[in-house]
Amino acid sequence: MDNKQLVPDYVFESSWEVCNKVGGIYTVLSTRAKTLQKTMTDRIVFIGPDFDDNKENPYFSEETTPLDDWKRAAERDGLRVRVGRWTIPGRPVAILVDFTPFYEQKNEVYGWLWEHYGVDSLHAYGDYDEASMFSLAAAKVVESVYSWNHSKFKNQNSKIVYHANEWMTGLGLLYINHHLPQIATIFTTHATSIGRSIAGNNKPLYDYLFAYNGDQMAEELNMQSKHSIEKQTAHHADCFTTVSEITARECVELLDKPVDVVLPNGFENDFVPKGAAFERKRKTARKRLIEIANSLLHTNLTDDTIIVSTSGRYEFRNKGIDVFIEAMNRLRFHEDLQKNVLAFIEVPGSLSDDRVSGMMNWLGLNSSPNDKVHVVVVPNYLTGDDGLINLSYYDTILGNDLCIYPSYYEPWGYTPLEAVAFKVPCITTDLAGFGLWANSVFGRYGEIEDGVKVIHRTDYNYSDVADAVADTVASFSKKSEKEVAEARKNAAELSKKALWKLFIKHYFEAYDVALKKAEEREVKGLKF
């Protein structure tokens, strides 16, 4: 074989978050799709779960695609699917598959997994069964499409890639590895399941990373099945990838497998409003946020108030929510704070037995009239109809002066990238993939004047990080309008360096690695 980069003719990509807005992976796939669709029009096909109670999926539209004729073949193969397009920029082809019929085969499937790949499904609980059955259904979809179009694929010597995201799609990749070895496979772990669990259970992840044994920790933390499927998928994929160098180190230590390619998460900024629309939306958001605070807290805050927020999944330690609260508490007494601060905690959760409200109460962070720092908790995702802010997340973030994400465990970090794309300077840490990337762009640790303040964080410097956050906000409160405008400009400029058109090359590198592995199998005499 020569060293010429191989390019796929078709890519099938599966994820639990295809047409299913759950978290950061949805952002990864949905923003990247437009760039891939430009170069592979209707030859990039996304596969996601279909739910009985989700027939009016706002992210999916049943409409004409090149796979319409295949749908009848799918029915003959016992697959219940809907074929259409993902209603995102680029509108790529999407297949939603009903995975519930495969529960009847669950025991046989798990037995097959153990026999051929040594995957331990005995200790499964929670979402393991649901994910596994979807993963199998997604693989069956690819198998059915391949069988339906076999003569065309074979005659044209088509190069086909199956890309699986997270442990939740691992079973399907192993199925394809076994039954369709002519298809090249890529596996992306966006965060190792055991690494996230170690961090979430208040264990020191980074100082002891070299000493942790992934299998042993999985047993200790009752994570055997998820860790097992993730590890075996990583070892058997033609190309194993992750999203940042910091998570790549986890993979070596916890999965015993170095990654082949790092795929940093890019972004599309075409939905960021421009010019007068930007300023109008920003004023609307600020007015709404200040009105909410004044109504709830009986304050009299004005537009001169510094508005900050943190957001994301409810991972109290991993996302640095605890540090955010501690920093806001310390900021109340900061001698350099020149303006009132209105802080929003935008994470879905419950206010009855909740660590956020519990910590705030313990600290006495209850927004007294004389305080200069006021905190409002919004315990749900901002979809535009949350009942409080009633603006979408992107429309809300426009009103911020700063966004704060002092993460302890953050393989990439879309929230700070989204913030800077909307000209909002942010605070993050060097335990976030985005923070490390920003430092690499700057050639040093980022400061708030650069648009991103990157704080050094370790297993043990919680208090120092809280101080650094408070100091940064206090320092920002003293900046002139010109200095603030410059920081906002630098934030936006940094975001442009993370556009998908610049990062997509890494995906084609991964495609090349996978396709060459598949070619090697054919050269060695495997008959497809």
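Which strands does helix α15 lie across? Select residues 414–421: helix α15 lies across β10, β13, β14 (426–429) and β15, and runs at about 155 degrees to β14. Angles run from 0 to 180 degrees between N-to-C directions, with axes as lines fitted to C-alpha atoms, for helices over the stretch in contact. Helices (H or I, at least four residues) and strands (E, at least two) are DSSP runs, numbered from the N terminus.

This is a predicted model, in which local features need pLDDT of at least 70, side-chain atom pairs count only at pLDDT 80 or more, and totals for chains, interfaces and linings use all residues. Residues are numbered from 1 along each chain as its sequence is written, and side-chain values use heavy atoms, leaving out hydrogens and water.

Contact means heavy atoms within 4.5 Å.

Now show the sheet itself. It is open, with six strands in the order β12-β11-β10-β13-β14-β15 and parallel pairing; two strands pair if DSSP finds at least two bridges between them. At the edges are β12 (373–378) and β15 (452–455), each pairing on one side only.

Zoom in on β10 (residues 306–311) and β13 (residues 402–404), which pair in the parallel sense over two bridges. Val 308 stands opposite Leu 402 in β13.

Last, select residues 128–148 and 170–179. These helices, α4 and α6, pack at an angle of about 35 degrees with their axes 7 Å apart.
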